[in-house]
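Welcome to this short tour. Please open your viewer, keep the selection tool ready, and follow the stops in order.

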Amino acid sequence: MGNIPEAMSEIKVRELCESFGLLKKFLLYKDPNNQNKNRGYCFFEYVDPRATEKAIKHLNNMEFKDKKLKV
């Protein structure tokens, strides 16, 4: 997922992804100079592959502040 607002915490991004199913893997890339900021993208995978399509459908183009998520 890309275009995540940089101030969005890892916990909030994870919670957003988990709202569609149990996560098997989750990795949010953080700014190496400031661990409180993310680099705007993450990778995640669900235990149940059916959750993937549901997440893509709901998260793609979802608006956060002045950005739209890209999945």
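Select Asn 61 to begin: at 38% relative accessibility, Asn 61 counts as partly exposed. Here, buried means under 20% relative accessible area, exposed means over 50%, and partly exposed lies in between (1.4 Å probe, protein chains only). You are looking at a predicted model, in which local features need pLDDT of at least 70 and side-chain atom pairs count only at pLDDT 80 or more, while totals for chains, interfaces and linings use all residues. Residues are numbered from 1 along each chain as its sequence is written, and side-chain values use heavy atoms, with hydrogens and water left out.

Asn 61 sits in the loop between helix H2 (50-59) and strand S3 (63-64). Helices (H or I, at least four residues) and strands (E, at least two) are DSSP runs, numbered from the N terminus. What is the phi of Asn 61? Its phi is positive, about 75°, although Asn 61 is not a glycine.

Now jump to Asn 3, in the segment before helix H1 (10-18). Asn 3 is not a glycine, yet it has a positive phi of about 70°. With a relative accessible area of 32%, Asn 3 is partly exposed.

## Stop two: the core

Next, select Met 1, Ile 4 and Val 13. These have the most contacts inside the largest nonpolar core, which has 16 residues. H1, strand S1 (23-31), strand S2 (34-46) and H2 each supply at least two residues of this core. A nonpolar core is a set of buried Ala, Val, Leu, Ile, Met, Phe, Trp, Tyr and Cys residues joined through side-chain atoms within 4.5 Å. In soluble globular proteins, nonpolar side chains tend to be buried together.

Stay with Ile 4 for a moment. Which residues is Ile 4 in contact with, leaving aside its neighbours within four places in sequence? They are Val 13, Leu 28, Asn 38, Gly 40, Tyr 41, Cys 42, Lys 67 and Leu 69. Contact means heavy atoms within 4.5 Å.

## Stop three: the rings

Show the aromatic side chains. The whole structure has 4 aromatic pairs. Rings of Phe, Tyr and Trp (its six-membered ring) pair if their centres lie within 6.5 Å; planes under 30 degrees apart count as stacked, over 60 as edge-to-face and the rest as tilted.

Pick Tyr 41 and Phe 43: this pair is edge-to-face, 6.3 Å centre to centre with 80° between the planes. Tyr 41 is partly exposed at 31% relative accessibility, whereas Phe 43 is exposed, with a relative accessible area of 52%. Then try Phe 44 and Tyr 46, whose ring centres are 5.6 Å apart and whose planes are at 85°, so this pair is edge-to-face. Is Tyr 46 buried or exposed? Tyr 46 is buried, with a relative accessible area of 4%.

## Stop four: the salt bridges

How many salt bridges does the structure hold? There are 6, each a side-chain nitrogen of Lys or Arg within 4 Å of a carboxyl oxygen of Asp or Glu.

- Glu 15 and Lys 12 meet in a salt bridge (3.9 Å, N to O); both lie in helix H1, 3 residues apart, about one turn of the helix.
- Lys 24 and Glu 45 meet at 3.6 Å, N to O, and this pair links distant parts of the chain, with Lys 24 in strand S1 and Glu 45 in strand S2, 21 residues apart.
- Asp 48 and Arg 50 meet at 2.9 Å, N to O; Asp 48 is partly exposed at 31%, and Arg 50 is exposed at 68%.
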